[in-house]
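Here is my note on the model you sent for comment. Please read it with the sequence and the coordinates open.

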Amino acid sequence: MKKQWWVLVCLGVMLGVATPGLAPAQQPAAPVPDPAKAEALEEIQFARGELASARQALITQAMDLTPEEMEGFWPLYREYRLAAAKIGDRIVALIQRYAANYDALTEPTADKLVTDFVKVEQARARLKATYLPKFKKVLPAKKVARFYQVENKLDLLILAEMAEQIPLAR
């Protein structure tokens with residue numbers, strides 16, 4: 001069991017940069033009876049909150065917003081990150097399922113996991129597309145481009161770290 005949960009812990013830590021801390025409504029619905037699992041989920045929640053603050057600091061530094069731009073950007077950014085957190089929750093659930101099935105991965109389970117992964121990636125792309133016109137309303141195009149560049153760079157760092165930590169299916 002311990003072997004499976006290192007995957008979840010590594011993922012949760014990496015997702016912390018991508019998503020804000022779990023709000024009470026976003027916590028896993030099912031109770032976690034295993035103390036190791038409960039501890040791993042607690043660590044994930046803590047890491048996500050801490051790393052969300054670091055992400056916001058990086059965005060603040062990179063954006064160089066005027067006071068007027070800040071007024072429109074930050075409320076929209078928080079809304080965007082809350083929506084991203086829901087996608088992050090889906091990724092955590094997906095990795096939990098992968099970890100739980102890793103040692104005895106069947107063809108049907110692998111098929112379901114990869115199908116769900118693609119759906120999550122589509123949701124991530126839809127989120128960015130949905131918020132693009134909203135960000136364009138509050139920022140000049142160059143700053144919107146910069147924001148998406150920073151977001152993409154942070155997301156790529158997370159994906160690279162996850163790829164390093166999560167073993168390939170066997």
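1. Basis. This is a predicted model, in which local features need pLDDT of at least 70, side-chain atom pairs count only at pLDDT 80 or more, and totals for chains, interfaces and linings use all residues. Residues are numbered from 1 along each chain as its sequence is written, and side-chain values use heavy atoms, with hydrogens and water left out.

2. Fold. The protein chain has five helices and zero strands, which gives the pattern α-α-α-α-α along the sequence. Helices here are DSSP runs of H or I with at least four residues, strands are runs of E with at least two, and both are numbered from the N terminus.

3. Burial and surface. Of the 170 residues in the protein chain, 38% count as buried. Buried means under 20% relative accessible area, exposed means over 50%, and partly exposed lies in between (1.4 Å probe, protein chains only). The accessible surface of the protein chain is about 9,800 Å², and 62% of this belongs to carbon and sulfur atoms. Accessible areas come from the Shrake-Rupley method with a 1.4 Å probe; for residues, only the protein chains shown count as cover.

4. Contacts. Taking contacts between residues at least 6 apart in sequence, 82% join residues at least 24 apart. A contact means heavy atoms within 4.5 Å.

5. Helix 3. This helix covers residues 67-101, and its 35 residues reach 50 Å from first C-alpha to last, close to the 51 Å expected at 1.5 Å a residue. The expected span is 1.5 Å times one less than the number of residues. Helix 3 also has a kink of about 30° at Phe-73, shortly before the proline Pro-75. The bend at a residue is the angle between axes fitted to the seven residues ending there and the seven starting there.

6. Helix 5. Residues 141-165 form this helix; its 25 residues should span 36 Å at 1.5 Å a residue, and its end C-alpha atoms are 36 Å apart, which agrees. Its buried residues are Lys-143, Val-144, Phe-147, Tyr-148, Val-150, Glu-151, Leu-154, Asp-155, Ile-158 and Met-162. As background, an α-helix has 3.6 residues a turn, so residues three or four places apart point the same way.

7. How many salt bridges does the structure hold? There are 10 salt bridges, each defined as a side-chain nitrogen of Lys or Arg within 4 Å of a carboxyl oxygen of Asp or Glu. Asp-155 pairs with Arg-55, with the closest N and O atoms 3.1 Å apart. This pair links helix 5 to helix 2 (residues 35-63), across 100 residues of sequence. Asp-155 is buried at 9% relative accessibility, and Arg-55 is buried at 1%. Glu-151 forms a salt bridge with Arg-81 at 3.0 Å between the closest N and O atoms. Here helix 5 is linked to helix 3, the two residues being 70 residues apart. Glu-151 counts as buried at 1% relative accessibility, as does Arg-81 at 6%.

8. Network. Which residues are linked in a network of salt bridges? They are Arg-55, Arg-81, Lys-128, Glu-151 and Asp-155.

9. Lys-134 forms a salt bridge with Glu-79, the closest N and O atoms being 3.7 Å apart. The pair connects helix 4 with helix 3 over a separation of 55 residues. Lys-134 is partly exposed at 33% relative accessibility, and Glu-79 is partly exposed at 38%.

10. Nonpolar patch. Val-114, Phe-117 and Val-118 make a nonpolar surface patch of about 250 Å². Patches are made of residues with over 30% relative accessible area and no salt bridge; like charges are joined within 9 Å, and nonpolar side chains (Val, Leu, Ile, Met, Phe, Trp, Tyr) within 5 Å. Phe-117 lies in helix 4 (residues 107-138) and is partly exposed, with a relative accessible area of 40%.

11. Two single residues. Ala-85, in helix 3, is buried at 0% relative accessibility. Asp-64 lies in the loop between helix 2 and helix 3. This residue has a positive phi of about 50° although it is not a glycine, and it counts as exposed at 58% relative accessibility.
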